[in-house]
Amino acid sequence: MRRLASLSLRQRLILGVAVVGAGALLVALLAIVIAQTSAADEQPLAFSHKTHAQNGIQCQFCHTGVAKGPVAGIPSVEKCMGCHTYIATDSPEIQKLQGYWERQEPIPWKRVNIQPSYVYFNHSSHVAAGVSCGSCHGAVAEMTVAKPVVEMNMGFCLDCHAEQENKDALWDCTVCHR
Amino acid sequence: MAEERQQGHKWTMIVDLDKCTGCQACVVACHAENNVPSPSEDEIIRGRANHWIRIERYWEGEYPNVKARFLPVFCQQCGNAPCEPVCPVYASYHSVEENLNVQVYNRCVGTRYCGNNCPYRVRIFNFWAPHFDPPLEQQLNPDVTVRGPGVMEKCTFCIQRIRRAREQANVEGRPLEDGEVQPACVQSCPTDALIFGDKWDENSRVAKMIPHERQFKLLEHLGTEPAVYYLKGGETHVGE
Amino acid sequence: MTNFTRRDFLKVGAAGTATAILAGCSQESERWVTLEPYVRAPEEQLAGIPSWYASTCRMCPAGCGIIVRIMNGRAVKIEGNPEHPVNRGKLCARGQAGLQLLYNPDRVTGAARQEERGSRKFKAVAWNEAINTLYEKLSAAGSAIGIWLGSSTSAHLHDLFARYAEAVGAPPPVYYDLYTGLNGYRALLDANAALFGQAALPTYNVARADVIFSFGADFLGTWLSATAYGVEFGQFRDQPYGKRGLLVQFEPKMSVTGAKADRWVPIRPGAEALVAQALLRLIADEGYGGSERAERAARLAGDVDLDEAAAACEMTREELATLARLFAEAQHPLAIPGAALAGTGNGTQAVAVVQLLNIVAGMLSVPGGVQFPPEVPAGLTAPQPSSYAEVQALLERMKAGEVRALLVHGANPVYDLPPEAGVVEALQRVETIVSFNPLVDETAVLADYLLPDRVYLEGWGYTVVQPAFGGMPAVSSQQPVVGPFHDVRSTADVLLTVARGIPAAAAALPWTDEVAFIKERITALPKGAQGGEDAEVRWARFLQHGGWWPETAPGSAPPELAAQGPIGVLPTTYDGDEADYPFYLHLYPSVLLGDGRGASLPWLQSAPDPLTTVAWQTWAEINPVTAEALGLKDGDVVRVASPHGAVEVIVYEFPAIRPDTIAIPVGQGHSDSGRYARERGAHALQLVGAAADEAGANFTWANVRVKITKTERQQALARLESTIDPGPDVHVPF
């Protein structure tokens, strides 16, 4: 291998660009990895799952689709206002909520748990099989801000599927990929 | 050939060539259901018409005693699939549960070996990223992955419909009924030339129709064991 | 539906419903998906679970019932309505592609004005201003207006326009486009009026027939409803009488129906009436099918040269006699007069002569025979297609400057008629032209105002089904399955608003909006198969189930015969001398593009034509023997010329066409109508003259002769053909 000193200026430039390029690529890749596993940045409203859970509200009260179909769903502004027309109306965050309602504007929530587009997950199948919400979402009821505490990658899914009675059926690719 | 009932379902298609009018309803239904982009004029000329189901037209005889024969061709969901063993990354994979030959898009690295080895020419390679002139992307079916460039794709017997129906039946705690799942092509076919079901369900329409006196399988001699039965066109019994 | 924006349904993504396009390995875009859930959640919609809404297809006037799959507020799939009596759950390619009309990238997104006709420079106009302008123009024009409707116009809008025209003293709306022309609606209506005294479109019970003689009726491809007849054909092939039926197709070029026929007879274009006459003569003279049928034939058969008829079919007289015997001796024979007959100079007579075969066989209002439409109650009637004479009358009024405002909806006259009809010249004499169509088509490009109507998936309406498939009187419902995708307004509502300010029309159009009008008409229907004692319940079920129809078909008595003797048919004459123009021209509507409407939709453009497997192009089908004699081969670009005009098309060597005939599909050759249609292929109507037939029912598009000259150019055909090669030793038994 030639020593760096013996390279021409042009070669050194090319090498330099290549090194910087590779570094940038690494940083970018890292950024994507971090982006995929880290929590969503700030939500438009400081909504606390903990407060609501402590008041005895079940997950399904707001995430109405969870036992009925693939998507758990996010409540409409109207649903929030069902309670917050009367409850905690003097809180600044609730006033923000009322602002959305008055403007008839949807709340731009940031997604917390995300799967790539080639993964098809069905909430209702898991609810029917008796899987608790916390098995995948962690102790959301304890969180003031929901965070993706469990890394939901393919290994995570398969680990659990492997333990089931109908393991063979649940290991089929078409269960999640279609 | 006696076939042993195994795990899961044996999804089977019957194509009655006596009824197929070549009308293309199934072709458009498939494009709509499976997010298959429309091939341009240029791509078709290059032999890259990306239809998951296509209707081949064969001429027979000479004018004036000429006949046109329509043959709908799509993935035959082979029991002994030539596309499977050649895939270096196991993206072309045999689903034991559904008894289908499936393509795992996120595994596929685009060697195109499977396409080369398929005698039915039903595997389609995405040379380009799919493009839908906005707002045509609104038509996309959210139940089906939009395949990226460099990926092989093909007919799935509408696996998304099969899985959705199975999951629903599961949640409701009941078995899947015959006719509950219909791939988009079968659903659309005006003349009922396409019939679909689980051959291992004794009460299914396909189980009752097979064996059939007019049945044959496409390129049967290759030993691919297709899950598609064709019924050849009949001859008239009237006069002449 | 007013409470969620389009961004909502774009963005209500969740695991399993993300629509983001997978690009390479990066899911970064998906990582930061923002959820914008509903402000108010519609009760019946849950994210990730589809809702289905029933409506009516408007891609052709057949009136098939559809159900539309809605996911997160987006329409994503159209399927046939399984309850519907017309299509019984099935849907053709064109019907399914309706989604691409809704999401067409070239849709007119709001009201617009064009300063200079043909400039294609449209300036957005606020709807209030546009409606005011329309009001001013219409009140100034009074009775000097023209209304031109087409087959994608809903029956309710036709009705409202007709009421408006009557109120202001204008002639009734013209309902005519290339679809009604190429399907021969008017010739069929007039022929039945002459035979039975009632201008109605009958249906042909293909499912229960055993021997079918189809004279140029491509009922499995494009004629009236390929879906309804497709369902019947499937049942026909199920062998209801324990034997496989016989379908004989008489046509110069093999159609989809011809491909499925047991016997394809390459008849000389324009000779259909001659052959039908000959079959009648043979049944009468030889006494085929028993005394009753033979006696009827003797009464109704005209004089005919049997040798000429046999020669027109390229068969011997004996073979023709065999066909006559097969027809007459069948238990359930059926003769179908098709659209190709309607384009000849003697179309109405030709249709009537074919219909005589059914009369001779006693096949009126019996299973496997001709079924006449039962009456729909509550005064609901299908709009009747105008005759070509009525179209000519409107064009004359326009040319004479008697039309100050022309309203165009659902038709595209510039494309729908041959250039010699003078539509463009007539339009130039009209002060104000308003197009309500969703795309800038060939007519809208010459309009002053675009006031786009909602497309059918966004709008209200109904279809009184005609012809009544299965003998079932039916009114098919049309409701918005999604909110309007653009700033478009219902034309019916615009008309009702305008009419309120015009004293002569205000009393005739008193409804607050179109829904009030539709509801009033529909709730007047008696209880149907959907049940409901209460009017509100009946209305709800009308929308929910996709329409109104009775529980069982009421059946109808065979009509009284108005014709008691033979029908004389004028011999077909052709435009163009045989010496100069050696070939017959056979035009036919494209299976996928229909009358040209489908050309704007990429799903239909890119789907292969069933017989040639060609997509995106216009080709000329030429018998290989003829091609060889002319030194032509596949992919040669040729100039096809008639006495009326010329087009350049690509040669396709087609083995199932008469050697003396050239066939060209209609549907391409648009100068506008969006990016997928523009500047693509040729419009075969340029080869056709604008003369009316003997009855004034149609312009004559099926009696033209052409010549072919080779150009130096070549264009590869975009076709699939057949790719499976079983190898030389393997017989594929299909």
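Arg713(C) is partly exposed in this predicted model, with a relative accessible area of 44%. Its salt-bridge partner is Glu648(C), and the N to O distance between the two side chains is 2.1 Å. Glu648(C) also counts as partly exposed, at 38% relative accessibility. This pair links distant parts of chain C: Arg713(C) lies in strand E26 (residues 705-714), while Glu648(C) lies in strand E24 (residues 646-653), 65 residues apart.

Glu390(C) forms a salt bridge with Arg186(C), and the closest N and O atoms are 3.9 Å apart. Here, too, distant parts of the chain are linked, with Glu390(C) in helix H17 (residues 388-399) and Arg186(C) in helix H8 (residues 185-196), 204 residues apart. Glu390(C) is partly exposed, at a relative accessible area of 39%.

Arg678(C) is partly exposed, with a relative accessible area of 36%, whereas Glu679(C) is exposed at 61%, because exposed means over 50%.

| Salt bridge | N to O distance |
|---|---|
| Arg713(C) and Glu648(C) | 2.1 Å |
| Glu390(C) and Arg186(C) | 3.9 Å |

Over all chains, the structure holds 58 salt bridges.

Key. Residues numbered from 1 in each chain as written. Chains lettered and ligands numbered in written order. Predicted model: local features only at pLDDT ≥ 70, side-chain atom pairs only at ≥ 80, totals over all residues. Heavy atoms only, no water. Salt bridge = Lys/Arg side-chain N within 4 Å of Asp/Glu carboxyl O. Helix = DSSP H or I, 4+ residues; strand = E, 2+ residues; numbered from the N terminus. Buried < 20%, exposed > 50% of the residue type's maximum accessible area, 1.4 Å probe, protein only.
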